[in-house]
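I opened this notebook to record what I looked up in the structure. The entries follow the order in which I went through it.

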Amino acid sequence: MANTLLAIDELDVAFTIGGKQYPALRQLSFEVREKERVGIVGESGCGKSLTSLSVMGLLPESAAITRGQISLAGKTLSAGLREEWHSTRGRQVAMIFQDPMTALNPLMPVGKQIAEMALTHLAVTRKEAKQMALEMMAKVGLSRIEQLYGEYPHRLSGGMMQRMMIAMALICQPKLLIADEPTTALDVTIQAQILALLREMNRSTGTAMLFISHDLGVIREVCERVIVMYAGFIVEDAPVQDILENPKHPYTAALLQALPSVEKRGQALYTIPGRVPPLTERGGGCPFAGRCPRAFGICHTITPELDTGMDGHRVRCHLYVEGRLCG
Amino acid sequence: MRWNQLVRNKPFMIGGCLLVLLLGLMVTSLFYTPYGPNDMNTAMRLAPPQASHWFGTDNFGRDIFSRIMEGSQTSFVIGTASVAIGLVIGLLIGAIAGYWGGWMDEMLMRIIDAMLAFPGILLAIMLVSVFGPGFGNTIVALGIMSIPAFARIARSGFIQYKEFAFVKAAKARGASSLRIISRHILPNMASPLIVASTMRFSGSILAEAGLSYLGLGVQPPDPSWGRMLSEAQPFIINAPWYVFITGAVITAMVLGFNLLGDGIRDGFDKKR
């Protein structure tokens, strides 16, 4: 088995609003191994993006890590050390964002923005950086690269821009690529192309991926393993096939049920009743208890532990003990 | 903003023409003036405008047109230098306050508020009376007077742009703060700064004229439109053209910059 690349251990992140602390991520523990493609899925407000921002050290000012730690390639990242982050961000961990249209500087030619990334982190000359940028642009499937290099972002389509973002993210050959809903702002055909590109890049460069999405369908396309999050907790963590065929947590099951498919054609789409409890309304007990069809007594009072089954399939639910359904 | 859009913009064109004319006078004066600006001709004192003296002569028989030409250098130099001082220091303050925020922001903005509490010209008078009148001190005083406007614009720009996705993306790829500020944020907030610069330019020229009129600005023998105006005052009955022409030239310069600024602002305004 490949070595552990990213290890998050018992991480708590809380927002401070008006002097009061509201936990947003709780007891977050997971690992990403080298070259692995891991997905994080969940509804809006479950802490998916906050997880990625924690890894990047880019938490908003009102949020802070209150417990636990993050280590990358064996090195612990502490929130305080600026220099550490500068050498990590972009060099070891790169990130691509939801909306490529706003993630590029409108007043700088796109090629130059890619080259700038190499200039920041690698000991290269301007000329070499440009050459690297052009090569990278070709690798992500762009044509007419010489001409594109000098174009401004408003002249490009969304798909081209997301390819540019991927080229920029991978130019320094980072060990980990965080993709925060990279296809949400794109239309469906482009979405499929970008997903295929990400898979291909993972294969050819060996960059591990942490892929964040609210769409299990997209995760299924790209990832090997999926982490399901709900209200700041990891509720299930297993290989993709395992989760699709045998979802354990009622929340995962509900997410799968809500996925449209050809077989369900003509039927009304399933929706999970209720909504994710906002930060200010989260209490004890299982985070999903309020919306869970199978909730019983202790679900409302005691938060279940993240239970690891024999096969490494982790689930946070009172219905399971050592990976087996009971009751 | 397109060039052909600007050409159709009336304020921009009128302001631009006025300034090109005055700039032309200034450049010409570097090589040539019809008469020496300080040459006296006692036979031709307070002569009205005529073919040999387009704008007439003053109480010493000096050619007013030549003196206006010479004085335009003072106006342009003081305008440029004081705007440059205000822009650089204002940007610095705005960047620190807006980009990093926190207690630095609070402290710097209270200082700026205190500066804004005084009318600009009063602040300039105060500074000149501390440092003494003269060409250099006038520039410094007017530069300091321009700081608050630039600092406020820069601060609001930095606060706005630091939340933009591309700035966050730059941070996520490990760009340094200096690089983010200079390469990613500053170019994007150029338009309000350009507009403010043209407006401050006219403000500085007017303030220089005001200070010199009061005898606190540029000292003889350096020529200045403001001092010419005050020298012309006693002869307002006998030689009304002296006051009128000098005043009109100052007005043209200030109007030119303000119209130009208006035009550029319209051009940058994407909603139109």
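I began with the salt-bridge rule: a side-chain nitrogen of Lys or Arg must lie within 4 Å of a carboxyl oxygen of Asp or Glu. By that rule the structure holds 24 salt bridges over all chains. I am working with a predicted model, so I keep in mind that side-chain atom pairs count only at pLDDT 80 or more.

**Entry: a salt bridge inside chain A**

I looked up E10(A) and found that it forms a salt bridge with R67(A). The closest N and O atoms of that pair are 3.3 Å apart. Which elements hold the two residues? E10(A) sits in strand 1 (residues 4-17) of chain A, and R67(A) sits in strand 4 (residues 63-72) of chain A. The two are 57 residues apart, and the pair links distant parts of the chain. I noted the general point here: side chains of opposite charge can pair when their charged atoms come close.

**Entry: the two domains of chain A**

Next I checked how chain A is divided. Domain 1 takes 4-92 + 174-273, and domain 2 takes 106-172. I found their centres, taken over C-alpha atoms, separated by 26 Å. In the contact, 15 residues of domain 1 of chain A meet 14 residues of domain 2 of chain A.

I then looked up the buried area between these domains. It is about 1,300 Å², and carbon and sulfur atoms give 72% of it. On the domain 1 side, R91(A), L197(A) and M201(A) lose the most area to domain 2 of chain A. Together they make up 36% of what that side buries.

How many salt bridges join domain 1 of chain A and domain 2 of chain A? The count is zero. Polar contacts are present, though: the rule finds four residue pairs across this interface, both residues at pLDDT 80 or more. Helix 8 (residues 188-205) of chain A gives the largest share of the domain 1 side, six residues. By class, that side of domain 1 of chain A has nine nonpolar, four polar and two charged residues.

**Entry: chain B on its own**

I turned to chain B and counted its elements. It has eleven helices and zero strands. Its C-alpha trace spans about 75 × 45 × 30 Å along the principal axes.

Residues 76-99 of chain B are 100% helix and 0% strand, with end C-alpha atoms 33 Å apart. Residues 235-261 of chain B are 81% helix and 0% strand, with end C-alpha atoms 35 Å apart.

**Entry: where chain B meets chain A**

Last, I looked at the interface of the two chains. The contact takes 16 residues from chain B and 23 residues from chain A. The size of an interface is often given as the accessible area lost when the parts come together. For chain B and chain A the buried area is about 1,600 Å², of which carbon and sulfur atoms give 53%. Which residues of chain B lose the most area to chain A? They are A172(B), R173(B) and R183(B), together 36% of what that side buries.

I found two salt bridges across this interface. One of them pairs E116(A) with R179(B), the closest N and O atoms being 2.7 Å apart. I also logged seven residue pairs in polar contact between chain B and chain A, both residues at pLDDT 80 or more.

Which elements give two or more residues to the side of chain B that touches chain A? They are helix 7 (165-172) and helix 8 (177-185) of chain B. Helix 7 of chain B gives the largest share, six residues. I sorted that side of chain B by class: six nonpolar, four polar and six charged residues.

Definitions and conventions:
Residues numbered from 1 in each chain as written. Chains lettered and ligands numbered in written order. Predicted model: local features only at pLDDT ≥ 70, side-chain atom pairs only at ≥ 80, totals over all residues. Heavy atoms only, no water. Contact = heavy atoms within 4.5 Å. Buried area = accessible area lost by both parts, 1.4 Å probe. Polar contact = N/O pair within 3.5 Å; in protein donor to acceptor, adjacent residues only side chain to side chain. Helix = DSSP H or I, 4+ residues; strand = E, 2+ residues; numbered from the N terminus. Nonpolar A, V, L, I, M, F, W, Y, C, P; charged D, E, K, R; others polar. Domains from an automatic or database assignment.
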